[in-house]
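Please look through the sequence and the structure shown below before reading on.

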Amino acid sequence: MTQRNSAKKELVYKRIDSCKEVVTADPNRLHYHIMPPVGLLNDPNGFVFFKGKYHVFYQWNPFETKHGIKYWGHYISDDLVHWETAPIALAPDQWFDKDGCYSGSAVVKNDKLYVFYTGNVKDESNNRESYQCMAISENGITFVKKGPVIHVPEGYTAHFRDPKVFCKNGLWYMVIGAQTSKGEGEVVLYSSSDLENWDFLGPLAGSNKNGLHDFGYMWECPDLFELGNRDILIISPQGLKPEGYKYNNIYQAGYFSGKVEYTHVTYDHGTFTELDRGFDFYAPQTAIDHTGRRLLFGWMGNAEEGESSHPTTNHHWIHALTLPRQLKWRHGRLFQYPAEELKLLRKNEMTFNEVNLSEQETKLPGLNGNVFELNISIKEWKATSFSVVVGKNNKISYNQPTNTFSFQRKSFNGDNLESRHCLLKELKSIRVFKDTSSIEIFVNEGEEVFSSRVFDEISTNDGRIYFFVNGMVTADIQKWDLNQVCK
Ligand code: FRU
């Protein structure tokens, strides 16, 4: 199919140029996270290792800081840390994707990169149509669109999107996020021998299947892979109501673990576990690399989240991706580790061994900053509660009698403080990645993760890091400043 898209792409490049000064002048611009050069970023897409390099694409509305007609932006890296901007990968310029090149994935076949995405189309009355489309690239940079390979089957609404393709026992499979005509979220499975002709195999999991009841009206961004001898299905369901500390954001992202029977198209799975307990995490996507690691990026944002009042919108951009994380199956659940390569960012190491933190506010000499990694490893616990405050308003704490781990930040709208929590049997370690306006907290080596955007008043934030303990905690503490690699 010929590409008529250069005009559309040119407009985006013009927009990037005309906003560059305002965007880069934002003190909240992150130093080591993937961000859009202008406009709104949402889901990570097409995460893949191809010809010796990591590629990650992202949902992108370059023209506004709200959702709209989406492009695929593109970054490339040798090491998951230093990212180069690549040309726009997909623009919404064909009849089958004219209202957005929505989320999707990438696979490598015969040295070529195949991407699958959802073409979003709306008619004059705003009725939606969805096509699962394919595009191919030989160099990983320019893509030739091949058009739709799957149409919405009988029994589903046009909320049918986010194809994730993988290979298993010599056959290609695709999972798609869907909504049944009855308004239930589902994941459906397709297979193909050539990536072009796809057979509908049936629903694999859904909001009223495998012991679930009314578990969401739409399941977005499915991802199915094997890890630790089990099949993990990640989904981003919409329509879950808060249950205590669970499901507190507008939409959730989490996983099931179990066993897929590919011949019978069944998935026997356990309960849903949220992947992240912070304020800003949605639509994650994984890829396996040449070292065999299962890596994950998430969108460090969430839908409809105060887009109009988000502090960065004055600077014509909004949202970022999380840091890349490695997934491992341990002790009956997924653990998430910051990718090992992030150590490349470290400089100015500070180490405090066997520090006794007790009743009074403790501030360690020289321990401060706004862009850093902080590791706290607990050696001895004789306390009821422990807190570390980062900057002005970001409080990380553990309450032992209630087994509650919490993160508190200042809301984007007004001055109120807001918190997210999870239950945790014991606190062993906290690893914090603080960037100018984000924080990612890995608890107990990735047993729980909290990702959030944070906006301290820049003028009054002195980069303090301090501790409060009820009782006494002995800890080893290490801190590094982190290099700026993104602008
Ligand atoms: C998830 C999502 C996807 C869709 C994309 C559109 O955030 O709604 O389901 O493909 O965003 O940008």
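## Core, domains and ligand shell

Leu90 touches Tyr71, Trp72, Cys101, Tyr117, Ala135 and Phe143, leaving aside residues up to four places away in sequence; two residues are in contact if their C-beta atoms, placed from the backbone, lie within 7 Å. This is a predicted model, in which local features need pLDDT of at least 70 and side-chain atom pairs count only at pLDDT 80 or more, while totals for chains, interfaces and linings use all residues. Residues are numbered from 1 along each chain as its sequence is written. The mean pLDDT of the chain is 95, and 97% of its residues reach 70 or more, where pLDDT is the predictor's confidence in each residue, from 0 to 100.

Leu90 is also one of the residues with the most contacts inside the largest nonpolar core, which has 120 residues. Such a core is a set of buried Ala, Val, Leu, Ile, Met, Phe, Trp, Tyr and Cys residues joined through C-beta atoms within 7 Å. Domain 1 and domain 2 both give residues to this core, so it lies between them.

The bounds of the two domains, which come from an automatic or database domain assignment, are set out here.

| Domain | Residues |
|---|---|
| Domain 1 | 6-338 |
| Domain 2 | 346-482 |

Taken over C-alpha atoms, the centres of domain 1 and domain 2 are separated by 30 Å, and 28 residues of domain 1 are in contact with 28 residues of domain 2. On the side of domain 1 that touches domain 2, strand S19 (294-300) and strand S23 (333-338) are the elements that give two or more residues, and the largest share, 4 residues, comes from S23. Strands here are DSSP runs (E, at least two residues), numbered from the N terminus.

Which residues are closest to the ligand? They are Gln59, Tyr102, Ser103, Glu220 and Ala283, in a shell of 14 residues; a residue counts as near if its C-beta atom, placed from the backbone, lies within 6 Å of the molecule. Among the strands that each supply at least two residues of this shell are S5 (101-109) and S13 (218-227).

Met218 is found in strand S13. Met218 is buried because 23 other C-beta atoms lie within 10 Å, the cut-off for a buried residue being 20 or more. Met218 touches His159, Gln179, Gly185, Gln238 and Gly239, again not counting residues up to four places away in sequence. The C-alpha atoms of Met218 and Glu186, which are 32 residues apart along the chain, are separated by 6.8 Å.

Definitions and conventions
Buried ≥ 20, exposed ≤ 12 C-beta atoms within 10 Å, placed from the backbone.
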